[in-house]
Amino acid sequence: MAQELDLNPDTDDLPLCANTNHILVRHYALDLTVHFDRKVISGSVVVFLEPTASAEDASNLSETIGSSPQSDFTLVLDCCDLNVSKVEQVDVASLSAAFPGVSPNDLVHKLVSMPSTHWRQQQELFSTCSRAPAERDGGSLQFCTDRWSLQVWKRGVSSPRAFPQTLRVCYETSPMGCSVRWTKDQDDRACVYTAGSPINNRALFPCQEPPVAMSTWQATVRAPHECVVLMSGEEQVAPTEDGDTSFSVWHYYVTMPMPASTFTLAVGHWQQVTLESVTVSSKGGSSSGVVKTSVLLHIGSGDPTASDLSTMLDDGFPCSHSDYPCRFTEGLVISQRVIPHRVFAPVSLLREAQIGVLALLPQCLAASHAVLGVHPFPRLDVLIVPPGFSSLGMASPHIIFLSQSVLHVGSSSSGINNRSLCGSRLCHEIAHSWFGLVIGARDWTEEWISEGFATYLEDIIWAQAQQLPVQETAEQSNLKALLRWRRLSDELQNSGQELQILRPNMEKTGQVSESGSSTVKHALNPDKSFLQVHYLKGYFLLRFLASQVGEQPFIKFFRLFVKKYHGQLILSQDFLQMLLSTFPDLARKGLTLRAVYADWLDQPGIPKWLQERSAVWSRSTLVEEVKAEVAKWILFSRSHQGKGRKRKRSQANKVNYKEVTSEQLVLLLELLLEETELSTYTLCTLARAYNLQNQDAEVRHRWCELVVKHGHAQAYGDVEHFLLHDQAMGVYLYGELMVKEDAEQQALARRCLSLVSEEMDQSARSVVEEMVL
């Protein structure tokens, strides 16, 4: 076997080992059992294979990273931290009745090539075949694993066309595998979920990780009776009993081919959130009161009618993807503004999830439909994941993971403005249904294609959900642009230039080796997962392009682009070339593909347009209001330097502060962070004036930074609470606690790390430990 790749996981690129140019997995059939006692998932995956067209003459291929000593053809699957016990060839004779007269060698090809109108029969046949026994003679195949791959070969078989087409891999996951997180929820109950880590799903099941390897899947999952199993699947399912065992069985499937990296699974003791089932207690006591949330679906004049959308179906862009049941051609779903949806959370967060998520979700779904058109997926589940989740959200087909940090901690009567973080994050993740899922990047290094688009669209969809007037939408957009500009500027000053480039492979983007293997640059760099350059710089590129053609024409173009490219993988040039051909005036302005590459995608640093535009945003109305408030607080602080306690109390109610939005409050605190000195009394008054302990996590993060910078010991409890409960956002607070070499602050950092280290995301823990230990 080939030697194991010797990579440094702290610095090197992630290898995508699968030989997808030779052979492709067309369908996965997983049969899994979840064991919380051992923290493993055991079972098998049956892979249905089809040689590629380029494998026609490949009779003596030798895989670059894995081939047998006899030069047999080797199937290479991406695999890590899996204990593989057996690989066997499945007897496909069970398919003969469905395809009479077809030779055994062509049965699987007939199965995977069935027309989309027969998708249900196809799924049943996949299930039947996946349960078939191994071939009697020669069913057991040779295999080995190295750090990043599973390699399988059959003695005497030298080409992918002669290779077995249906394999069963029996395996067990590792408790420490990076693709799954074994942890406890907010009620201290065991749960497990796919982590969306840099290695994607290869530590959950052997698969082909390169995005070009799009496939369908089905999964049977056994879990304890009391658990709920949520997964990427097209139908809401009810569990069945697994005989006399203490397990229930859940079955999910998808018919849209997608990269294996989008497969998502979560198993835990969560409950579904309902509109009228959450009892509100007062001061820890019981109450018979019930929260009743009224959800109003505002459909404004900008919302396309069914006839408008019908016109889009005849816009000259027929479906160009492989044959599957496509919602973009289903007349009944064209006007479906709100797809079926559910929200799940631990019991202790049901009330917050009801107010902050379930009440907003229909509005966000309707708004996204108004902006982008047909929902690519037929349903949506939202899960509030444990506090150790590494980001604010993650979108997968049919399911969104949300961090508890987006939940508003204030009263149930709080207005929609106080739920801005939750609403905008929901809109961001929903936008990924179009950009990131139904349209994906053909090269993972081009993350801006999904994250930049979702960041740009979240503002537009959230404004639509709130039905904001045009002028207010523009003002909010300018304020958010300034906040993002400040964040991007800070990141660019504190990150290596190699991590600032949106197209790091440049002209080699999308290229793979002869076998189809490749690498993802910087994917294993732990610092990269905490940078938002691809979100922010991608967002600003789209703002720049919108400024050249007009925002409304730009959004209409998005809809045309989705219509043309849904179900496909793209590179940057696919989007940019279509834009340039749709708006020929751009060329007369000097905007070319080469110019966009040079200014935005292939260079570190900040493009000239962005430097100039940031000055405009800093003079916008909402920003000027914040500057005026900051001036008041600075003056207030200077007037209270060195004052006596009695003097301070007498002026406690004399702060003439103006009510601001949550985004304005974020900017206000950021500007105050630039002050060298703020009095303790000012910090106390500031916290009371804006009720900072009960604001959203973005606000509270800046408050914690102020507390740490000025050594405001009275509020160290706020910092500790943030580090324990908002782990996705608190990583760099540890660094700020350590940098001043203040004994009390350093003790706080070490104490918090010791309390959460077991539940922390692995990448986050390694970064924090480097700061603290």
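His710 sits in the loop between α19 (697-709) and α20 (716-725), where helices (H or I, at least four residues) and strands (E, at least two) are DSSP runs numbered from the N terminus. This is a predicted model, so to speak: local features need pLDDT of at least 70, side-chain atom pairs count only at pLDDT 80 or more, and totals for chains, interfaces and linings use all residues. Residues are numbered from 1 along each chain as its sequence is written, and side-chain values use heavy atoms, with hydrogens and water left out.

Setting aside neighbours within four places in sequence, His710 touches Glu675, Thr676, Glu677, Leu678, Leu683 and Lys740, contact being heavy atoms within 4.5 Å.

Now for a helix pair. The axes of α15 (residues 621-639) and α17 (residues 662-673) come within 9 Å and cross at roughly 45 degrees. Those axes are lines fitted to C-alpha atoms, for helices over the stretch in contact, and angles run from 0 to 180 degrees between N-to-C directions. That makes α15 and α17 oblique to each other, given that angles under 35 degrees count as roughly parallel, over 145 as roughly antiparallel, 65 to 115 as roughly perpendicular and the rest as oblique. The crossing of α15 past α17 is right-handed, meaning that the near helix is turned clockwise from the far one by less than a right angle, with anticlockwise giving left-handed. On the α15 side the contact uses Leu622, Val623, Glu625, Val626, Lys627, Glu629, Val630, Trp633 and Ile634, while α17 brings in Gln664, Leu667, Leu668, Leu671 and Leu672. Sorted by class, that comes to 10 nonpolar, 1 polar and 3 charged residues; here Ala, Val, Leu, Ile, Met, Phe, Trp, Tyr, Cys and Pro count as nonpolar, Asp, Glu, Lys and Arg as charged, and the others, Gly among them, as polar.

On to the strands, which count as paired if DSSP finds at least two bridges between them. An open sheet of 4 strands runs in the order β9-β10-β15-β12, with antiparallel pairing. β9 (180-184) and β12 (228-231) are at the edges with a single partner strand each, so one side of each has no neighbour in the sheet. From one strand to the next, the twist averages 15 degrees. Inside this arrangement, β10 (residues 190-194) and β15 (residues 265-268) pair in the antiparallel sense over 2 bridges, and Tyr193 is opposite Ala266 in β15.

β18 (residues 380-384) is another story: 5 of its 5 residues are buried, so the strand is largely enclosed by the rest of the structure. Leu380, Val382 and Ile384 cover one side and Asp381 and Leu383 the other, all of them buried. β17 (residues 341-345) runs parallel to β18 and is joined to it by 4 bridges, with Val343 partnered by Val382. β18 also runs parallel to β20 (residues 399-402), again through 4 bridges, and there Val382 has Ile400 as its bridge partner.

Finally, two loop residues show positive phi without being glycine. Lys39, in the loop between β2 (23-35) and β3 (40-51), has a phi of about 55 degrees and is partly exposed at 42% relative accessible area. Asp81, in the loop between β4 (74-78) and β5 (82-89), has phi near 60 degrees and is partly exposed at 33%.

Conventions:
Buried < 20%, exposed > 50% of the residue type's maximum accessible area, 1.4 Å probe, protein only.
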